[in-house]
Amino acid sequence: MSPELKMSFEKDDTGRLSLAWLSSLNRVLKKNVKCPLYLQVRKKMVEKYVREESMIRGPKFLTTLRSHTVWEHTPVKLYCTVEGYPTPFVKWYKDGVSIDLSSMKYNVQDNVGIHNLEIVKCETDDTAQYTAVASNIHGQVSTQASVIVKSKFVYPVLLSFAVPMLPEIKYTKINITFLETFGSVFGTEGDTVTLAATMNISPNLANLQPEAQWFRDDHRLSDSKWVKIESGRGESKLTLLHLNKDDEGVYTLRMVTKGGDAAHSAFVSCADGPPPVPGSPGAPMDIKIHDANRDYVIVSWKPPNTTTEGPIIGYFVDRCETGTENWVQCNDSPIKICKYPVPGLFEGHSYYFRVRAINSKGISKPSRMSDPIAALDPTEFERLHAIKLGGKLDVVTYYDDVEDEKKVPGTPSKLHAPETDRTYVVLSWKPAPYHGRAPVWYYIEKVAETGAWQRVNTQVPVRSPRYAVFDLAEGKQYLFRVLAANMYGSSEASEPTEPIQTQELRGVPSAPGQVVATRQTDTSLVIQWAEPKEPNNLIGYYIDVCVKGSKDWDSANHKPHKSNKFVVQGLTTGETYVFRVQAINELGLSDESQESSPLSVKAALTIPSAPYDIALLACDGESMVLNWKRPVHSGGSPVAEYYINKRRHGEHTWREVNIPPIKERLFKVEHLSAGAVYEFMVYGGSLAGLGAPSAPSKAFHCDAWTMPEPGTVPKTSLKQVDILKMKQSVHSSKKRMPFYMQILLHI
């Protein structure tokens, strides 16, 4: 055996052989072209390991966890970054035991593949090894780090002399002030758009620069063929190289430091470009690929708005193999729903997809093409087998190449349907263990109302334990079973599934309810509406705007909006507008809602100022009753909601007290710890948004009041007593009232 082959197989995180090892092996093969083993290995390399590099399979950590040593009673954060397809799920462990996230001790966040675990207040028993395990259907990987928590106290039992404590390590506070910012942008498909901001960084340290992060609707952006990001020297710039309706949304620049961040946001609108045929619809958008397998994928998209165009009749789906420019139409006749299964792909090939919309006037421009997707068997790597040849040398082959027993495969099990739709069902099952050399394929059978089993795949053999059965009737029930076969015969049929019913869409959503417009700034209005009574698999909404007195409706958004609240930008100050809303699902657009009442764009509303003077009215050892004064400046709209945050004295993390807002300036904070010391902070909210937070309250001790008089009572209005419904039967229930309520009745 050649000494050049005496090396270990090198694999990347997805389980594939590394390019470096393959290159070395290829050089050896050229020198030993007559060796049968070398020829066999080389053949397997060519057949099984040629893959698209852009196709991400198993989970992979781009950034691993880093160990930390911290002081007691301080917070610590563990970060890692993971990628994979489908998106991996990350679970956290402490010394091999799953972490209980329901406790208030830990905070776990997932922000576009960036995962972090925060220990809010470290104790000495938090010293442990922490593990993040990322997994998806293709496997799992893990990363570990240690956290060592040191006590701040020096015990005389351990030391015979006093040792001065080192001061706490504090982060350098970096102040960021935006000097020039970007505003709202209104572009057209194909434009090049640049968003830029300059800022003052103080102190401006070369080795301690803030990180610039760009987001679109809370989705983290990075450099790609559509996006270019440049940052440095007090400036950050994002360029959209070829504007598309997929790019529409709220863009946010966050300058992140260890002590906090500074952010600025603005809306980017993208209108339809000139249509190929006058009156034809706009292009579909948001192309997604689902359930990729060795010979089919499922493509979904979102429909365009049809403010002035005729209704959409259907869609054409096109595919193009990577490395070519030959687009092939997948469906012969237009399909009416925004999801289509594409069969007939070639295993190991990668494809792009796009969609075109059709109405009575013509065909739209194509959508932005999807990311490349490879037609691969998701279970292929499970069939790999390593053979020890001595030393460190392994040969990777398939189980079916190892043995040559002439036997029939076993019966598959655990047949189920992970996905159902209107006209197709995706089936998945577990193959029986099989180590024979003869290839295995599967037959799928179905039974409907007739009661007879019918074979589904009569012409196409199925090799992977996952298959999509198409051309089913909408709203009908089916039973399925599967058989394994090879050249020596077929197995017994698996246990049939439970009755599986295809989905039944009842049509487009009903029209949204009442539309209400309120002022926000001198060039924008806030639109809110009631959700449709029959959503029918709602995707989102389109908002139309019109100047009062005209019938020239225009689109306020060109990409479906998910929530029932939207800020319409780019309006003319002093002009009066009306609005309407349409809901959409896979079948199309609903009827228009009723038009809103006319509203003029006038002076801007501003957020309210901060509440102040937080006072403690009563405490029973487990709860506290708080009162505060309303903001001095309302911002032009009444302050109707309040939110309270709390923290223990000495901590840095604030936590919400009330999830639904409270309407009055009196609140009982419950589930407190007796003897603990708490601080509170209050926000006021109006139509303009959430105002500034109040200054933290004084430190309040959670000790039950036993004094006959609590001391000075803040000035409180009788209206608060009315709200607590204590005016009724005052004399009969006075003895049973809490002490603080008796005080309020005497004010």
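How many helices and how many strands does the chain have? The chain has 5 helices and 51 strands, where helices (H or I, at least four residues) and strands (E, at least two) are DSSP runs numbered from the N terminus.

Before we go on, this is a predicted model, so local features need pLDDT of at least 70, side-chain atom pairs count only at pLDDT 80 or more, and totals for chains, interfaces and linings use all residues. Residues are numbered from 1 along each chain as its sequence is written, and side-chain values use heavy atoms, with hydrogens and water left out.

Let's start with the whole chain. Of its 747 residues, 44% are buried; buried means under 20% relative accessible area, exposed over 50%, and partly exposed in between, with a 1.4 Å probe and protein chains only. Take the contacts (heavy atoms within 4.5 Å) with a separation of 6 or more: 64% of them are between residues 24 or more positions apart.

Now, friends, a lysine. Lys302 lies in strand S20, residues 297–302. Is Lys302 buried or exposed? Lys302 is buried, at a relative accessible area of 15%. Its side chain makes a polar contact of 3.2 Å with that of Asp286. A polar contact is a pair of N or O atoms within 3.5 Å; within protein, one must be able to donate a hydrogen and the other to accept it, and residues adjacent in sequence count only if both atoms are side-chain atoms. Beyond four places in sequence, the contacts of Lys302 include Ile539, Pro560 and Lys562.

On to the rings. There are 11 aromatic pairs, counting rings of Phe, Tyr and Trp (its six-membered ring) with centres within 6.5 Å; planes under 30 degrees apart are stacked, over 60 edge-to-face, and the rest tilted. Trp429 and Tyr442 make an edge-to-face pair, 5.3 Å centre to centre with 65° between the planes. That pair links strand S29 to strand S30, across 13 residues, and both Trp429 and Tyr442 are buried. Elsewhere, Tyr678, Phe680 and Phe700 are linked into a cluster by ring pairs.

Charges sit over rings too (NZ of Lys or CZ of Arg within 6 Å of the ring centre and within 35 degrees of the ring normal). Arg254 lies over the face of Phe215, 4.5 Å from the ring centre, and the charged end of Arg580 is over Trp553, at 4.2 Å.

Last, a sheet. Four strands form an open antiparallel sheet in the order S22-S21-S24-S25; strands pair if DSSP finds at least two bridges between them. S22 (327–329) and S25 (373–374) stand at the edges with a single partner strand each, so one side of each has no neighbour in the sheet. Strand S21 is joined to S22 by 3 bridges, and Cys320 has Trp327 in S22 as its bridge partner.
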